[in-house]
Amino acid sequence: QNIAKEFNLSETAFFVPNDNGFYLRWFTPTTEVRLCGHATLAASHIIFSRLRFDKKEITFTTNKVGELKVRQIGDQYEMNFPVDQPKVVSEEQITNLINCKILHAYAGADDLMLVVTNQEEVLNCKPQLELMKQLDHRAVIVTSPGKDVDFVSRVFAPAVGIDEDPVTGSAHTFLTPYWAGRLEKTELFATQLSERRGHLKCTLQNDRVLLLGNAVTTIEGKLL
């Protein structure tokens, strides 16, 4: 936890080899989380590219979500995560969280999803971070249909030390079943509209969500 606090990134992944592959945990600057996508992507990238892992698929053992599989497909990685099914939330739980009209609200295992009208509203919404800290949710997702993709989102998680997350794979295990049902398709393309932007291909496959993305190594170092 102290290392993750010192790094001060949205999440830091820690992994060690085990008999089945690797044991994996994730930490924000303030707490351990149940599931994290982009740190799993980063860990997979390092295992394949730097540790010279000689199989096409990694098995990660986790504390809260069981086994996770990650496959290398060309220069990309496909993460196989459990679906997080949306549940309708009542109006009084979401009042004043953002500065635009909320059409629908849903709760998942970790997060709260707010559906708004269009991409401009997602881009321009102003999160009330102090109010969000008081919720019984890890993060608040604001989402809408996209202009050039199936759906867009932003993710705010001040309760766990992240005002806005750049790319949130775990949120897309929650977003994907919602948009798959609404758009009546199982293969979707998504953009997370953070300052850095993140682009994902999301496939709903029964009770699993397959997330495809790529990664690059930017910094290497040694922890003393």
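## About the model

Because the model is predicted, local features need pLDDT of at least 70 and side-chain atom pairs count only at pLDDT 80 or more, while totals for chains, interfaces and linings use all residues. Residues are numbered from 1 along each chain as its sequence is written, and side-chain values use heavy atoms, with hydrogens and water left out.

## Overall build

Let's start with the fold. The protein chain has five helices and 14 strands (DSSP runs: H or I of at least four residues for helices, E of at least two for strands). Its radius of gyration is 17 Å, close to the 17 Å from the globule rule for 224 residues, so the chain is as compact as a globular protein of that length. Here the radius is taken over C-alpha atoms, and the rule is 2.2 Å times the number of residues to the power 0.38. Along the principal axes, the C-alpha atoms fill a box of roughly 50 × 40 × 30 Å.

## Inside the chain

Of the 224 residues, 49% count as buried, meaning under 20% relative accessible area with a 1.4 Å probe, protein chains only. Contacts are heavy atoms within 4.5 Å. Among those between residues at least 6 apart in sequence, 59% join residues at least 24 apart.

How many disulfides does the structure hold? There are zero, where a disulfide is a pair of cysteine sulfur atoms within 2.5 Å. The sulfur of Cys36 lies 15 Å from the closest cysteine sulfur, in Cys202, which is too far for a bond. Cys36 is buried at 2% relative accessibility, and Cys202 is buried at 0%.

Methods. Buried < 20%, exposed > 50% of the residue type's maximum accessible area, 1.4 Å probe, protein only.
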